[in-house]
Amino acid sequence: MNDRLDPVSVLIGGKAHQAWQGYRIDSDLMTPADAWSLTCAIDANAASPDNIYEGAEARIMLGSDLIMTGLVDDVDEPLNKTSRTMELSGRDRASFLLDCSAPIMSMQQATLKQVVTKAVAQLGIKDVVYQAKPASPQKKVQTEPGQSVWEWLQSACEVNQVWPWFSPDGKLIIGAPDYTTPPVAHLVMRFRPNAKGNNIQSLQRTRSIKDSYSEITVLGQSSGDGDAGQHNIKGVAKDDTMPVYRPKVVVDGNCDSDELATRRANKLMADGRLARERIAIKVEGHRVIKSDGGNPPWAPGMRVHILSEPHGINAVYFLTRRVFTLNKAGARGTDLYFVPDSVWLLNIPFVKASRRKDSGKKKGHYVDSK
């Protein structure tokens, strides 16, 4: 679909804007605060739009599909003798968590839900969806001076083997990838550039052991009861696929049991495995092209089958990041970033749909911790 039939529009102050000279709209599961920037031409003799200002809520649409909810961070208005433009940039609602400091506090026997509520309630974020069962309550959770809300939230989620991110409609999701969903697309690159079925403009495969380890040991500490604490907490994870011996020791004061230390070690090991192989692909347009006519916008969390004859790739990969772009020539494209499937955040119990008295079935909605 082209820009006229499937425009990217930004809704600010009840008005829609969609005549762009260029844009970049990023969405990344592993990086907080998805960023966006757009540039448009405006009348040199007209007053600046009064509905566009720093801090205004912005909803970004692709056609009729909502792809991001956030705020305007910056409004730049370059003006010279020949032209005048307006450059808007902002981030999604995770920017609140990334920019603001966490309140200094200490919590005893805190569940993940209690930590999340404390972390985000002060920022007015009330719509939270839990997609994975939290672990047992931690004996002690505390914030450090200068720690951001995101750092506190991320630490609590990692201990529980889940991850926080924001949905396009602005909801905070606490969950994990669902590797049971079928691949949404087949991306193909054969030896001949014009071979039948090719739908990849470019592909780059990167392999590295720089951030991977053969063994990770996590050392924790428990506050205990009274003045008696436990200091011999330990968790170990090993990766037998590493070609060389590379040990690493991590000290984490938030791990107050061997079980939590082991979970933390497994999480760090999974992060290392992600760094072993990454695939970057550029495709035309912003939507998945399906034969059944359902063409959703590309989004992190999708599983995609990739076939690249030159690289010897023929497997399913997990999409962690996508970037929509429009260049000065008017060409629309999407940069896709993949990691190996079923590696990130392993061993997380995904919550199946549960029927509640006040609603229908909600896939992945956390009801209780039983």
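Predicted model: local features only at pLDDT ≥ 70, side-chain atom pairs only at ≥ 80, totals over all residues.
## A strand in the middle

In this model, Val129 stands opposite Ile173 in strand 12. Strand 12 covers residues 172–175, runs parallel to strand 9, and is joined to strand 9 by three bridges.

On to the next partner. Strand 11 and strand 12 pair in the antiparallel sense, over four bridges. Here Trp163 is the residue that stands opposite Gly175 of strand 12. The hairpin formed by strand 11 and strand 12 has five residues between the strands, and in it Gly170 takes a positive phi near 90°.

Now look at the two faces of strand 12. In a regular strand, the side chains alternate between the two faces of the sheet. For strand 12, Leu172 and Ile174 lie on one side while Ile173 and Gly175 lie on the other; all four are buried, so both faces are covered.

## A helix with a buried face

Which residues of helix 2 are buried? In this helix, which spans residues 112–121, they are Leu112, Val115, Val116, Ala119 and Val120. Looking down the axis of helix 2, you would find these buried residues within an arc of 105°, so they line one face of the helix.

Leaving out residues up to four places away in sequence, Val120 touches Leu97, Ile125, Val128 and Leu172.

In soluble globular proteins, nonpolar side chains tend to be buried together. The largest nonpolar core here has 40 residues, and the ones that touch the most other members are Leu97, Val116, Val120, Leu172, Ile174 and Trp344. At least two residues of this core come from each of helix 1 (94–99), strand 8 (106–110), helix 2, strand 9, helix 3, strand 11 and strand 12. Helix 3 gives the largest share, with six residues.

Apart from this core lies another, made of 39 residues, including Trp36, Leu62, Met68 and Phe324.

Is Cys40 buried or exposed? Its relative accessible area is 11%, and because buried means under 20%, Cys40 counts as buried. Cys100, at 27% relative accessibility, is partly exposed. The count of disulfides in the model comes to zero.

Finally, visit Ser202, which sits in strand 14 (residues 202–207). With 35% relative accessibility, Ser202 counts as partly exposed. Ser202 and Ile281 are 79 residues apart along the chain, yet their C-alpha atoms are separated by 5.7 Å. Setting aside neighbours within four places in sequence, Ser202 is in contact with Met189, Ala280, Ile281 and Lys282.

Key
Residues numbered from 1 in each chain as written. Heavy atoms only, no water. Buried < 20%, exposed > 50% of the residue type's maximum accessible area, 1.4 Å probe, protein only. Contact = heavy atoms within 4.5 Å. Arc of directions from axis to C-beta. Disulfide = S-S within 2.5 Å. Pairing = 2+ DSSP bridges. Core = buried A, V, L, I, M, F, W, Y, C linked by side-chain atoms within 4.5 Å.
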